[in-house]
Amino acid sequence: MAELLSRTEAEDFLYREAELLDEWRLPEWAELYTEDATYEVTSPTTADPVNADPDRTLFLISDRIDRIRGRANRLMKKSAHAEYPRSKTRHLVTNVRVIGGAEGGTRIRSNFAVFRTKEDTTSVFMGEVYHILVREAGELRIRRKRAILDLNSLYNQGRLTIIL
Amino acid sequence: MALEDPQWALVQADPEKRSFRVHRSAYKSQEIFEREKALIFGKCWLYLGHGSELNKKGDFVTRRVGGRDIIFIRDKSGEIGAFFNTCTHRGAKVCRERNGNARNFSCPYHGWVFSSEGKLVTTNANGGYGEDLNADGHLDLRRVPRLENYRNFYFINYNPNAISLHDYLAGARDAIDAVCDQAETEQVILSGEHSYSIRANYKLLVENSYDGYHLVSVHASYFDHLRDQFAGTPAASMIDDTIASYNTRGAARGLGMGHAVLDSYVPTGRPVAQWLPSMGAHLKAPIEARRAQLIARYGEERADYIADTQKNLVIFPNLVINDIMSITVRYIEPEAPDFIKVTAWAMGPAEESEELRAMRLDQFVSFLGPAGFGSPDDIEMLEICQDAAQHTPVEWSELSKGMDWTDDPRTLSSAPDNELQMQAYWTQWDRVIRGIEKLERE
């Protein structure tokens, strides 16, 4: 069993992830993920979103590594119309907790608020994230990331075209 | 106001010039929106929900349809009903949940209780009412005037004298059949939903939902992603081959009554029976087996149509059933001339295996929904159309592509990247909004 990360190590990593996203360095963000990684956002109405299975219920986002890279690459293009002109985003990551070991790594629970401004409209996405971070060849990587929104719909935000 | 009032001549067809255009006030005017609420949403059949959402007695969902809040419920005898979600006493909503299971509804304000059949069971009053207070049932939950279904798709109509749903759906029944017949048992709404919003008129999303012309320009980045996924597989050249031949196969077909379907061929893979290497080798045999079953049930021609053709169906005025890389049932609720709420569900055969179900949901989120690689780019287009319609003086939108008819486009066909389907929609819209098409029983 690999040794668990400390909270400080986890925080440093999550802040680094947030920084890459806010600076729109999305291909570098995709490189944080392992080959067997998943990045998921449950639908706001999903029952038991922590344990829900994207093979059985409709998620907003359920990406394996090919689509994680595809999402990052797409958002770099002018032809990704939904994010052109690009949004400004600010990821706030708080309440970071190391909650145990899982899948050869450390399971981290954190709260987030992401502010997104597209042209003159600002919306907020808030909720919590479960990460599983693993060490590969000396580097920390994301094996799992599941974001759960504290929303009942996207009626106020419209759409989710940034990465949480 | 007089129906012939020229201010309502918002849709202009000029066969000589092969011109079909729509006045942009139809997308932005509050006055026209109010008229639509009365004449379109007050008289057309509107999608309420699918029977598979109410599996058990007492299951209910609450939904806003055409601006009215509805409880859609399977009552304790198993019958499906639709009620307005308001207490007949002083008006409070009797149900505040989005879905659930209930034996009855208890109004939180004064405690009136209604059964799942809508009957007023008790007023919880200690005197003060006459014995015959509800003898005529007028204090029961108010039923929606009409509720009918076609193959488990439930629609409501606020006009008691409306024509039947069967007649209203016209040629769209066959298009619904092509979706339903994929299942050996029945098609069901799958777990989960996407609820999102768009700052645009509802008709802009309708137009976009079966628009073949926008595919290459709006979805270039999605096709880039598919090319990356197919690189090095036998499907590598499929994207460009299919895009090059897009206009030579399929059709946009008017189905009568303003409904239309776009039949087209795009190599996104289809859970019903079109396997692609990107889905994984393990799915090749099960998908081919499904095609064999379709051929056995319906013969080769119909099976090929069901399996291979992408179908973007719009049922007038605001229901979209897109049977493309996955099936989505998409309901559009207009909240204002420039704001809509959208609820979209995934649909699949009840008997589907776990691995095919997983692939179907994966295909869905790859493109569809507010976080997919496709729909958000469409949404951006609708929002910039709306913004420009409201903030520029240009009066007309041009929907002339493929305009080669002289009389009535509503049951005609045209090439997949023409705009015949929109001409059919707007012709119906024009006739309903002017009161020419009454949609009522004789």
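Tutor: Two residues are in contact if their C-beta atoms, placed from the backbone, lie within 7 Å. This is a predicted model, in which local features need pLDDT of at least 70 and side-chain atom pairs count only at pLDDT 80 or more, while totals for chains, interfaces and linings use all residues. Residues are numbered from 1 along each chain as its sequence is written, and chains are lettered from A in the order in which they are written.

The contact draws 29 residues from chain A and 34 residues from chain B. On the side of chain A that touches chain B, the elements that give two or more residues are β2 (61-64) and α3 (65-75). Here helices (H or I, at least four residues) and strands (E, at least two) are DSSP runs, numbered from the N terminus. The largest share of this side, four residues, comes from α3(A). By class, the side of chain A that touches chain B holds eleven nonpolar, eleven polar and seven charged residues. Ala, Val, Leu, Ile, Met, Phe, Trp, Tyr, Cys and Pro count as nonpolar, Asp, Glu, Lys and Arg as charged, and the others, Gly among them, as polar.

To place these two elements in their chain, note that chain A has three helices and six strands. From the N terminus on, they run α-α-β-β-α-β-β-β-β. Among contacts within chain A between residues at least 6 apart in sequence, 58% join residues at least 24 apart. The C-alpha trace of chain A spans about 50 × 35 × 30 Å along its principal axes.
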